[in-house]
Amino acid sequence: MELTREEEALLSGEGGGGLQKAMEILASIGDINDAEQLIPVKRVQISGVSYKTIGDAGLEFLSDMASLGAKTSVYSTLNPAGIDLDQKNQDVPQRFVEKQRQILEAYTRLGAKPSCTCTPYLAGNTPDFEEHIAFAESSAVAYANSALGARTNRESAITALASAITGRTPLYGLHLDENRTPKLAVRVSENMKSVNDYSTLGYYIGKQYDAIPLFKGIQPGVEGMKALSAGLATGKVSMFHIEGVTPNPIDEVEDLEVVEYGEVERRKVKDELDTCEEPDILCIGCPHCTINEIKQVIAAKPDREVWVYTSRAVKKQLHEKIKNPNIRLISDTCMVVQPLEEMGINSLGTNSTKCAYYTKTLSGLDVKFDKLENLL
Ligand code: F3S
């Protein structure tokens, strides 16, 4: 990869040990992926925030980077942590809470904004059309590339942090026009009404295909697009097009392989993910809920415990309005990166394929997977 004189200097340590390490990470990722150069980015979303997912090794890496004097040089926000920062978290093991706070302190020393949401694009970190960015949350990657027309690869926690520090990312993959064209047409005959429908569609395609899909016959709003992004990203897909909806130009769409999606395919996903009759709690908000989604939960007047996950900004707006003691509004974390299995929870109900999949595989919980109206 061709580096500028300034980048060479940073790589040789002239900007300090933290910048040097960050440059080393990006230079090797660029070389592996045949990138010709680094390009500037002005915004980053960093994953790897929960103690559950990064553990002591991750905490040590972040503390080392902070001790080396590394600092973010561009607007950098964080993914969900393992606890709600407003709460006492008495149901979470105290060692976990302490370690989590140390991780957030390290990120704050590094200069990242502890926004702790997986929907940064709805909470102030919103890229422009065709803006090059470095996002690490897979659902936000798919949303930014597709719904907003920004350009990002699916970054890891480490490469996103390196981009936050250097303000650069290697030019390859979804940053390039030629890698953003659809390779698959998906004809949807199912009646798409809820976020669960979009989540299921995304999961089905994302698990079966490693190609950018072009959807036909759907018209999702923000919530549907968010659910579709997360479902696709639970598999291998980091970008999609929707005919007449998404802003990216669609060229070369002759002779695409056509996939049909209808009731049979929806049922396959339901049969795979829905394995529990009576869950301990319901968890809504994967990805984090919008105001509209929370209003839907409130309107349903649930008479059983519902944990609703959202961003700090949305929680602030709705906190006072929730009078139903069964609804617990939670920010800064999510049901997947919280240590639910250490909090006495054995099973949960959800309308999200991403939540269902990772709750089973990462946390070992049993899952009831269904539409919101059937869960509440
Ligand atoms: Fe967000 Fe957690 Fe789901 S980070 S996309 S709520 S797994």
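Guide: Pro287 is found in strand 10, a strand being a DSSP run of E with at least two residues, as a helix is a run of H or I with at least four, both numbered from the N terminus. This is a predicted model, in which local features need pLDDT of at least 70 and side-chain atom pairs count only at pLDDT 80 or more, while totals for chains, interfaces and linings use all residues. Residues are numbered from 1 along each chain as its sequence is written, and side-chain values use heavy atoms, with hydrogens and water left out.

The peptide bond that leads from Cys286 into Pro287 is cis, and its omega is near -5°. Most peptide bonds, by contrast, are trans.

Strand 10 spans residues 281–289 and gives the most to the shell around the ligand, contributing three residues. Around the ligand (a heavy atom within 4 Å) stand Gly285, Cys286 and Pro287, together with Pro80, Cys118, Glu137, Ser139, Cys334, Val336 and Lys354.

Five strands form an open sheet with parallel pairing, in the order 12-11-10-13-14, where two strands pair if DSSP finds at least two bridges between them. Strand 12 (327–331) and strand 14 (366–369) stand at its edges; each has a single partner strand, so one side of each is left without a neighbour in the sheet. From one strand to the next, the twist averages 25°, an angle between N-to-C directions on a scale from 0 to 180 degrees, with axes fitted to C-alpha atoms and, for helices, over the stretch in contact.

Within this sheet, strand 10 runs parallel to strand 13 (residues 347–350), and two bridges join them. Leu282 has Gly349 of strand 13 as its bridge partner. Helix 12 (residues 353–361) packs on the sheet and touches strand 10, strand 13 and strand 14, contact meaning heavy atoms within 4.5 Å. The direction of helix 12 makes about 165° with that of strand 14.

Strand 6 (residues 184–188) and strand 7 (residues 213–216) pair over four bridges, and Leu184 has Pro213 of strand 7 as its bridge partner.
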